[in-house]
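User: I would like to learn how to read a few local features in a protein model. Please take them in turn, with the general idea before each case.

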Amino acid sequence: DFLCISLVNGYTQLRYNLGDRTVILQTPQKVHTNGNTWHLLNAGRVGNEGYLDLDGINVTQKASPGMNALDTHTDFFVGGVSSLNLVNPMAIENEPTGFTGCIREMVINNRELNLTVTDPKGGANIGDCDGTDCGYTMCKNNGTCQVVNSGFSCSCPKDWTGTKCEQSIHCSQHMCGSHALCIPQPSSFSYTCACTLGWTGKYCDNKIKFYIAKFVGNSYIKYTDPFYGKRDLQYSRLSLNFTTNQTEGLIVWMGKSEDEDNDFLAIGLANGTLKVVINLGERISVPLMHRKYFTCSDGRWHFTTVVQNQTCVKVYLDEELILFEDIDPQRKYTALNYGGICYFGGFEIGRKVNIVTTGLFQKEFIGKIKDVVLFQDSKKIQLMKAEGYNIHDGNSGN
């Protein structure tokens with residue numbers, strides 16, 4: 001399998017093969033090769049349907065029946081490869097040659113690759129393209145960079161300030177404490193304080209303890225499993241109690257959630273119904289929905305357990321077996337390689353649930369969670385000892 005973007009006779013070309021056939025897309029217009037024109041390129045695939053967009057002109061290849069997963073286990077190469085004989089002959093039209101030019105602002109699956117001296121795994125014969133102290137990312141939030149004698153200077157848009165336009169003017173004189181992040185609210189010309197775990201209050205200056213975690217909508221907990229290296233990942237188990245009066249929300253996501261190929265086990269609500277999704281290697285799992293009765297959004301406590309035995313999944317709700325399904329009778333993938341990461345209620349500030357989960361869940365969780373147990377552990381996990389923001393003490397008023 002491969003995915004390759006190249007220049008062919010002045011045109012941009014995308015080629016990929018998921019195991020059955022090579023798909024070729026080419027832009028209708030040529031790129032400027034005068035050395036001073038930047039082009040914006042978007043390319044990729046959803047399943048086996050490809051898209052290629054150069055400066056806003058889009059080319060797509062409609063999907064036809066066939067394979068829909070890209071199985072590659074190589075490094076990611078930009079601008080060239082360590083050895084030209086690594087290149088699949090089907091990935092290019094002519095003889096392979098390295099790229100001559102400049103590349104910047106490279107984003108793969110919503111994550112930017114830092115094309116710097118230190119971040120890549122390796123490389124050769126790379127120079128600084130901009131040649132000044134400005135570079136393309138020095139000034140954040142659409143600030144304009146100017147070279148000055150001492151280095152650079154940023155001219156910032158109206159809502160931003162700081163040497164790199166990195167600070168919102170609404171947070172320039174904030175009163176959030178040391179256990180908080182300032183979150184600008186431009187529409188009301190103000191800000192709110194996002195409290196780290198164990199702190200609450202308007203300015204996050206009140207210390208709290210909790211055993212029941214209360215999520216208010218812009219909250220999340222990220223728990224790192226200290227026993228991950230010793231787990232048998234072919235036999236996973238997760239159980240917890242939750243209560244909510246909302247019909248939508250992500251309760252828990254076991255998985256790193258860094259890119260589309262990460263394994264995960266997720267529990268949440270959709271239309272008031274319990275929804276479980278599990279991916280053991282290819283993001284093709286059918287969401288498992290419980291449609292018998294709509295009781296999960298009634299403000300009562302509900303106990304749910306999800307058990308994964310290789311490709312067989314059992315879901316219990318209030319100690320009743322509500323789902324039992326073999327998600328892959330072929331047994332192609334049987335282990336939940338979740339990276340030891342569990343998210344509760346949502347993801348990091350600024351990462352929207354519907355985007356990270358590619359629409360599997362629509363919103364962050366609003367409600368309470370308690371009694372979380374991983375695998376067959378004898379103890380509940382201590383949510384207080386994880387990391388997160390905007391978690392309140394749910395012990396009162398139960």
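User: In which loop is Ile103 found?

Analyst: A note before the case: this is a predicted model. Ile103 sits in the loop between β6 (57–61) and β7 (106–108).

User: Is Ile103 buried or exposed, or something in between?

Analyst: Buried means under 20% relative accessible area, exposed means over 50%, and partly exposed covers the range in between. Ile103 has 36% relative accessibility, so this residue counts as partly exposed.

User: Which residues gather in a patch of negative charge on the surface?

Analyst: The negative patch consists of Asp1, Asp20, Asp71 and Asp261. Asp1 belongs to the segment before β1 (2–8). Its relative accessible area is 38%, so Asp1 is partly exposed.

User: Now the cysteines. How many disulfides are there?

Analyst: A disulfide is a covalent bond between the sulfur atoms of two cysteines. To read one from coordinates, look for a pair of cysteine sulfur atoms within 2.5 Å. By this rule there are 5 disulfides.

User: Which cysteine does a disulfide join to Cys156, and what is the torsion about the S-S bond?

Analyst: Cys156 is joined to Cys165, with an S to S distance of 2.1 Å. The S-S torsion of Cys156 and Cys165 is about -90°, so this disulfide is left-handed. As for accessibility, Cys156 is partly exposed at a relative accessible area of 27%, whereas Cys165 is buried at 0%.

User: Which cysteine is joined to Cys171, and where do the two lie in the chain?

Analyst: The disulfide of Cys171 is with Cys182, at 1.8 Å from S to S. This pair links distant parts of the chain, 11 residues apart: Cys171 is in the loop between β12 (167–168) and β13 (180–185), and Cys182 is in strand β13. The torsion about the S-S bond of Cys171 and Cys182 is about -85°, so the disulfide is left-handed. Both Cys171 and Cys182 are buried.

User: What can be said of the disulfide that Cys176 and Cys193 form?

Analyst: The sulfur atoms of Cys176 and Cys193 are 2.1 Å apart. With a torsion of about -90° about the S-S bond of Cys176 and Cys193, the disulfide is left-handed. Cys176 is buried, with a relative accessible area of 10%, and Cys193 counts as buried at 11% relative accessibility.

User: Why is Cys4 in no disulfide by the distance rule?

Analyst: The rule asks for a pair of cysteine sulfur atoms within 2.5 Å. For Cys4, the nearest cysteine sulfur is that of Cys102, 19 Å away, so Cys4 is in no disulfide under this cut-off. Cys4 counts as buried at 18% relative accessibility. Another buried cysteine is Cys296, with a relative accessible area of 1%.

User: Let us turn to the backbone. What is the phi of Asn141, and in which loop is this residue placed?

Analyst: Asn141 is not a glycine, yet has a positive phi of about 55°. Asn141 lies in the loop between β8 (111–113) and β9 (144–148). At 32% relative accessibility, Asn141 counts as partly exposed.

User: What are the phi and the place of Glu319?

Analyst: Glu319, also not a glycine, has a positive phi of about 70°. The loop between β24 (312–317) and β25 (320–326) holds Glu319. With a relative accessible area of 68%, Glu319 is exposed.

User: Last, how are Phe227 and Lys256 placed in sequence and in space?

Analyst: Take the separation along the chain together with the C-alpha distance. Phe227 and Lys256 are 29 residues apart in sequence, and their C-alpha atoms are 16 Å apart in space. Phe227 is in the loop between β17 (213–224) and β18 (235–243), and counts as partly exposed at 43% relative accessibility.

Definitions and conventions. Residues numbered from 1 in each chain as written. Predicted model: local features only at pLDDT ≥ 70, side-chain atom pairs only at ≥ 80, totals over all residues. Heavy atoms only, no water. Patch = residues over 30% accessible without salt bridge, like charges linked within 9 Å, V, L, I, M, F, W, Y side chains within 5 Å. Areas by Shrake-Rupley, 256 points an atom, 1.4 Å probe, with all protein chains shown as cover. Salt bridge = Lys/Arg side-chain N within 4 Å of Asp/Glu carboxyl O. Lys, Arg positive; Asp, Glu negative; His and termini not counted. Charge placed at Lys NZ, Arg CZ, Asp CG, Glu CD. Helix = DSSP H or I, 4+ residues; strand = E, 2+ residues; numbered from the N terminus. Buried < 20%, exposed > 50% of the residue type's maximum accessible area, 1.4 Å probe, protein only.
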